[in-house]
Amino acid sequence: MRPIVIIPSRLASTRLPRKALVDINGVSMIERVIKQALSAQIGPVILASGDEEIITATQHIKGVRAVLTDPALPSGSDRVWAALQEVDPHNDYDVVINLQGDLPLFNPDDLKAVLKPLEDQAISVGTLVAPIYDLNECNESSIVKVACAFPENNNLARALYFSRQPIPWGEGQFWHHVGVYAWRREALAKFVTLPPSLLEQREKLEQLRALESGMIIGCHSIKEAPMGVDTEKDLALVRKIAQCQS
């Protein structure tokens with residue numbers, strides 16, 4: 001595999017305005033994400049943003065290339081694809097990792113793990129899941145759950161469905177979806193041409209478009225979901241964790 005990492009980022013976040021550039025102990029959130037991606041050392045790292053302010057704020061970071069994309073693009077996946085066309089017009093990279101720009105504490109080793117499902121040629125997209133330890137999280141609509149089942153002593157499984165509701169029913173482990181994807185290039189090329197699917201629109205989950213179109217999504221389990229930043233409360237917690245880690 002020849003992977004490339006692309007980080008989509010924008011200022012127009014609703015619950016936490018301008019969150020890409022919020023300060024986390026002296027470093028912006030997007031800079032922290034970029035540095036984690038660079039630390040993984042699995043391929044070139046590209047920042048894709050429709051906001052010139054984000055591009056300007058990251059120009060000092062060595063090792064990353066920033067691409068200004070059309071601000072009207074509807075999703076992060078579209079931004080990733082647009083940036084890919086600019087930086088790799090000759091198809092040198094066959095796997096595209098979409099790393100969300102609001103995961104400032106993301107473990108670089110987990111970026112390597114998202115490639116593992118693609119060792120199965122039947123898998124179109126790789127992603128990550130982590131066990132849910134607090135059952136109260138199952139009822140949080142902001143935490144996406146995955147219906148998947150891991151055979152004993154195996155950390156790879158296929159995703160059967162994604163939902164904001166607790167799934168599947170019955171006793172057993174619930175899995176938290178970590179929104180990082182490793183796309184086969186041809187799968188991403190197909191995905192961005194498809195209209196939003198019915199279940200995608202109902203659940204507000206873009207990955208359901210891939211499932212509804214017949215793509216197979218493979219999950220790799222990791223020990224713990226990284227802390228994402230969507231609210232001021234999340235930001236305060238991430239600042240505390242980052243301070244302890246420094």
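I take two strands as paired if DSSP finds at least two bridges between them. The model I examined is predicted.

**Entry 1: strand 4 and its neighbours**

I began with the partners of strand 4. Strand 1 (residues 3-9) is joined to strand 4 by 5 bridges, and the two run parallel. In this pairing I found S9 opposite S49 of strand 4. I then looked towards strand 5 (residues 64-68), which runs parallel to strand 4 and is joined to it by 5 bridges. Here V45 stands opposite V64 of strand 5.

Next I asked how many residues of strand 4 (residues 45-49) are buried. I noted 5 of its 5 residues as buried, and recorded the strand as mostly covered.

**Entry 2: helix 8**

I compared the length of helix 8 (residues 232-245) with expectation. Its 14 residues should span 20 Å at 1.5 Å a residue, and the end C-alpha atoms are 20 Å apart, which agrees.

I then listed the buried residues of helix 8: D234, L235, V238 and A242. Viewed down the helix axis, these buried residues fall within an arc of 95°, so they line one face of helix 8. An α-helix has 3.6 residues a turn, so residues three or four places apart point the same way.

Which exposed residues sit on the face of helix 8 turned away from its buried side? I recorded E232, K233, K240, Q243 and C244 there. For the buried residues of helix 8, I noted that the cover includes strand 2 (23-24) and helix 1 (29-40).

**Entry 3: aromatic rings**

I found 3 aromatic pairs in the structure. Through ring pairs, Y181, W183 and F191 are linked into a cluster.

Are these residues buried or exposed? Y181 and W183 are both buried. W183 has a relative accessibility of 4% and therefore counts as buried, given the cut-off of under 20%. F191 is buried too, with a relative accessible area of 1%.

Finally, I looked at the face of the F191 ring. R209 lies over that face, at 4.4 Å from the ring centre.

Definitions and conventions: Residues numbered from 1 in each chain as written. Predicted model: local features only at pLDDT ≥ 70, side-chain atom pairs only at ≥ 80, totals over all residues. Heavy atoms only, no water. Phe/Tyr/Trp six-rings, centres within 6.5 Å; stacked < 30°, edge-to-face > 60°. Buried < 20%, exposed > 50% of the residue type's maximum accessible area, 1.4 Å probe, protein only. Lys NZ or Arg CZ within 6 Å of the ring centre and 35° of its normal. Helix = DSSP H or I, 4+ residues; strand = E, 2+ residues; numbered from the N terminus. Expected span 1.5 Å × (residues − 1). Arc of directions from axis to C-beta. Contact = heavy atoms within 4.5 Å.
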